[in-house]
Amino acid sequence: MKEIKVGNIVGKVGKIVYDYLEVLEHPVGTIERLPVIIAQGVNSGPTLWLTSNIHGNEYTGIPVIHRVINSLNLEELKGTVIAIPTLNPAGSRVRTRYPYYDRKDPNRLFPDGNPFKEKPKEGITETSEITVDEEKKEEELTIKTEKVVKISVDQEDKEPKIVDPLAIFDNEELYPSVQEMIWKNLFEILKETADYLLDLHNAFIKSIPFSFLDRVLYNPDVEDDNKKAENLYNRTEEMVRAFGLTIVRETTPNKYIQKKLHRSTSGAALNYLRIPSFTVELGMYLDIEPEVVDAATIGVFNVLKWAKMVKGSVEKITSVPVIAENEAVRYIGHPRTKKSAIIDLKIKKGDFVKKGDVVAVARDIFGRPIKDDFEIKTEVDGYVFMINEGILRYPNEEICWLASPDTQPMVDKWPKKSRK
Ligand SMILES: [Zn+2]
């Protein structure tokens with residue numbers, strides 16, 4: 001039987017092990033630690049990772065993990081469930097999205113699998129080429145030598161290069177943040193143990209529970225990488241479908257990289273570790289909805305059944321609405337206000353809107369219609385699956401989020417010219 005280890009925490013066959021993984025020593029001496037549960041079945045099989053609360057004010061995943069762990073029958077379980085009920089105890093402690101020790105989105109800091117990212121350079125090799133025409137070359141080089149610190153001419157290609165001796169200290173990529181380092185270590189553990197990963201989140205207060213289906217990206221310069229990506233996508237899609245909630249496709253490759261979504265927990269598990277993984281958004285943040293906890297618990301067991309870790313067939317989710325079944329939809333923030341306004345919604349979550357439908361009307365603080373932007377209409381068809389909080393909107397802010405028909409490929413190339 002395979003030994004399951006999370007850091008120094010060792011799983012026990014037929015038992016549930018509860019312990020903490022130490023991840024950081026604070027400057028004041030206290031230790032940051034993640035609660036880890038290893039539930040190892042009597043029979044061997046794959047390992048499913050369940051993580052939640054990486055955003056400290058998103059709570060639904062915590063009771064879902066409690067319910068799943070407390071309902072497991074280890075005599076029947078094939079394989080292991082590893083659960084981390086909170087990936088962000090620091091944010092959770094103070095009820096904020098981000099941890100107080102690293103004020104960046106922790107769900108954008110996992111290892112970067114993009115083969116075309118700019119790699120941090122070792123040593124003093126940060127160079128910028130200067131373009132000079134051949135005739136002026138000598139003259140200019142002389143001038144530049146006087147002005148700039150140093151010019152080295154590569155003997156191979158005769159390309160003049162300016163060497164900036166400060167560049168090594170000035171390259172942020174050489175200094176990953178503390179959270180990035182924690183995730184790098186956690187991913188080493190994931191790499192050793194995980195076959196599947198499911199990361200539990202919450203979205204807007206008015207949102208229907210749904211699963212994100214990410215695109216699988218491949219390196220066109222690597223032989224058969226597209227075929228492997230196709231396989232990985234098919235298995236991921238099956239797993240997301242087995243879970244049983246509404247499926248919303250993630251954005252397209254360029255925007256995915258721009259928004260660092262490939263460095264989210266599930267994005268990195270999928271596109272860097274190459275294991276079937278996805279994010280579930282379990283309705284409102286800041287609180288929990290019991291019917292969503294019910295639905296997600298069924299969903300996790302559906303995945304366990306799909307992975308043949310638990311016997312039985314997939315159970316249909318009925319406690320929350322499941323929309324866009326058998327449709328390929330992707331999210332867009334739409335429509336948006338042109339001017340600052342107080343909005344009066346004409347739709348509710350779960351509605352289907354058609355191009356030209358009025359989604360909201362916009363008034364000023366006196367209650368008068370906003371000139372030229374009173375009726376805010378959708379320009380595309382789609383399901384209203386999330387509505388931004390509150391009645392105030394600034395210019396260009398979304399009224400809501402639509403799940404609209406998507407025609408883009410789900411297996412695609414890593415973009416070569418992506419920039420952060
Ligand atoms: Zn979240």
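## Ground rules

Axes are lines fitted to C-alpha atoms, for helices over the stretch in contact, and angles run from 0 to 180 degrees between N-to-C directions. Helices (H or I, at least four residues) and strands (E, at least two) are DSSP runs, numbered from the N terminus.

This model is predicted: local features need pLDDT of at least 70, side-chain atom pairs count only at pLDDT 80 or more, and totals for chains, interfaces and linings use all residues. Residue numbers start from 1 along each chain, as its sequence is written.

## Two crossing helices

Find helix α5 (residues 225-243) and helix α8 (residues 290-306). Their axes come within 7 Å and cross at roughly 135°. The two helices are therefore oblique to each other. Angles under 35 degrees count as roughly parallel, over 145 as roughly antiparallel, 65 to 115 as roughly perpendicular, and the rest as oblique.

Which residues make the contact? From α5 come E238, M239, A242 and F243; from α8 come G299, N302, V303 and W306. Here, contact means C-beta atoms, placed from the backbone, within 7 Å. By class, this contact has 5 nonpolar, 2 polar and 1 charged residues. Ala, Val, Leu, Ile, Met, Phe, Trp, Tyr, Cys and Pro count as nonpolar, Asp, Glu, Lys and Arg as charged, and the others, Gly among them, as polar.

## Backbone details in the loops

K260 lies in the loop between α6 (253-258) and α7 (265-271). Its phi is near 60°, a positive value in a residue other than glycine. K260 is partly exposed, with 19 other C-beta atoms within 10 Å. The cut-offs within 10 Å are 20 or more other C-beta atoms for buried, 12 or fewer for exposed, and in between for partly exposed, with C-beta atoms placed from the backbone.

L286 is not a glycine either, yet its phi is positive, about 70°. L286 sits in the loop between β15 (277-284) and α8. With 11 other C-beta atoms within 10 Å, L286 is exposed.

P335 is in the loop between β16 (329-333) and β17 (341-345). The peptide bond from H334 to P335 is cis, with omega near -10°.

## An open sheet

Four strands form an open sheet in the order β20-β19-β17-β22, with antiparallel pairing. Strands pair if DSSP finds at least two bridges between them. The edge strands, β20 (375-377) and β22 (392-393), each pair on one side only.

Strand β17 runs antiparallel to β19 (residues 358-363), and 4 bridges join them. I343 stands opposite A362 in β19.

Definitions and conventions. Contact = placed C-beta atoms within 7 Å.
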